[in-house]
Amino acid sequence: MAVTTASRFRFKQHSVLPGFGLTMGFTIFYMATLVLIPLGGLVLFTTRMSFADFWNSAVTDPRVLAAYKVSFGASLIGAVLNGVFGFIVAWVLVRYTFPGKRVVDAIVDLPFALPTAVSGIALTTLYAHTGWVGRWLEPLGIKVAYAFPGIVIALTLIGLPFVVRTLQPALEDLEIEIEEASASLGASRWQTFRRVLLPTVLPALLTGFALAFARAVGEFGSVYFIAGNMPYKTEIAPLLILIRLEQFDYLGATAIGVVMLVVSFVMLLVINLLQWWSRRYQA
């Protein structure tokens, strides 16, 4: 017992990292400086408005409601698409070996490094009516650039790495013997996916979905060029905030930001509750 206590004491004395008190204090200071104080200041700034002004300018204004619908609707669709196709991409990268695999794996991270304005210009050039793809879609009555589908494509692009990189470790930890055992018991591929694979990777999938959704809600650069920014049609909430700031309506811009902050927080809370439920269900 004495040897064990002494060894623990020596480990604490010669630990590479500092103690809990110092690291916890730094963590609180760091998070407060970067997150809590700016967001708290955003909320406090709106207290200069009366509740009626806040409600009229940030909640019930038709133009603002249309911007919310575009931002959150396109973000949700993009996150769902990434949840489906990001799972397929992660599955291919984890389970198969093929020529150019490292190149494909590196391309997944490209939206992380690529400036969002560059991706927006590239997508607009590609899907405009004179673009390589847009010129074939326009005669079919399919308009992508300067329309809602273009916004969805842009938000799907910037959200893909979050889903793929979150799913990859979960799929790598999933032993292939489990699938073989399921098949040996007579389960079909769909039954194996629904009852074996999906419950195991569901927490990681929900995490990737939440990250992709949150990233898409606040996206501006890639959407600005391809959306067309038409009020009531393709105008996103971040752009409307910028417009209010350019009009020196700081309170109106802050009010819209607070609403987006609250909705995003509620969505992330729901996703975290679903993750907790899925982990408890697995246990």
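# Salt bridges and helix packing

Reader: Which residue does Asp-105 form a salt bridge with?

Author: Asp-105 pairs with Arg-165 in a salt bridge, and their closest N and O atoms are 2.9 Å apart. A salt bridge here is a side-chain nitrogen of Lys or Arg within 4 Å of a carboxyl oxygen of Asp or Glu. Asp-105 sits in helix H5 (residues 101-108) and Arg-165 in helix H9 (residues 148-173), so the pair ties together parts that are 60 residues apart in sequence. Helices are DSSP runs (H or I, at least four residues), numbered from the N terminus.

Reader: Ok, and where do these numbers come from?

Author: This is a predicted model, where local features need pLDDT of at least 70 and side-chain atom pairs count only at pLDDT 80 or more, while totals for chains, interfaces and linings use all residues. Residues are numbered from 1 along each chain as its sequence is written, and side-chain values use heavy atoms, with hydrogens and water left out.

Reader: How many salt bridges are there?

Author: Five, by that rule. Another one joins Arg-165 to Asp-109, at 2.8 Å from N to O. Arg-165 is in H9 and Asp-109 is in the loop between H5 and helix H6 (110-113), so this pair links parts 56 residues apart in sequence.

Reader: Switching topic: at what angle do H9 and helix H11 pack?

Author: About 160°, and the axes of H9 and H11 (residues 189-217) are 8 Å apart. Axes are lines fitted to C-alpha atoms, for helices over the stretch in contact, and angles run from 0 to 180 degrees between N-to-C directions. H9 and H11 are therefore roughly antiparallel to each other, a label for angles over 145 degrees.

Reader: Which residues in H9 and H11 meet?

Author: Among them are Leu-155, Ile-158 and Phe-162 in H9, and Val-201, Leu-205 and Arg-215 in H11. Contact means heavy atoms within 4.5 Å. The residues of this contact divide into 14 nonpolar, four polar and one charged. Nonpolar covers Ala, Val, Leu, Ile, Met, Phe, Trp, Tyr, Cys and Pro, charged covers Asp, Glu, Lys and Arg, and the others, Gly among them, are polar.

Reader: And how do helix H4 and helix H13 cross?

Author: At roughly 145°, with the axes of H4 (residues 62-95) and H13 (residues 237-246) coming within 8 Å. Residues that meet include Val-64 and Tyr-68 in H4, and Leu-240 and Ile-243 in H13. By class, that contact has seven nonpolar, one polar and two charged residues.

Reader: Last one: what does Thr-156 touch?

Author: Gly-78, Leu-81 and Asn-82, not counting residues up to four places away in sequence. Thr-156 is in H9 and counts as buried, at 16% relative accessibility.

How values were computed: Helices (H or I, at least four residues) and strands (E, at least two) are DSSP runs, numbered from the N terminus. Angles under 35 degrees count as roughly parallel, over 145 as roughly antiparallel, 65 to 115 as roughly perpendicular and the rest as oblique. Buried means under 20% relative accessible area, exposed over 50%, partly exposed in between (1.4 Å probe, protein chains only).
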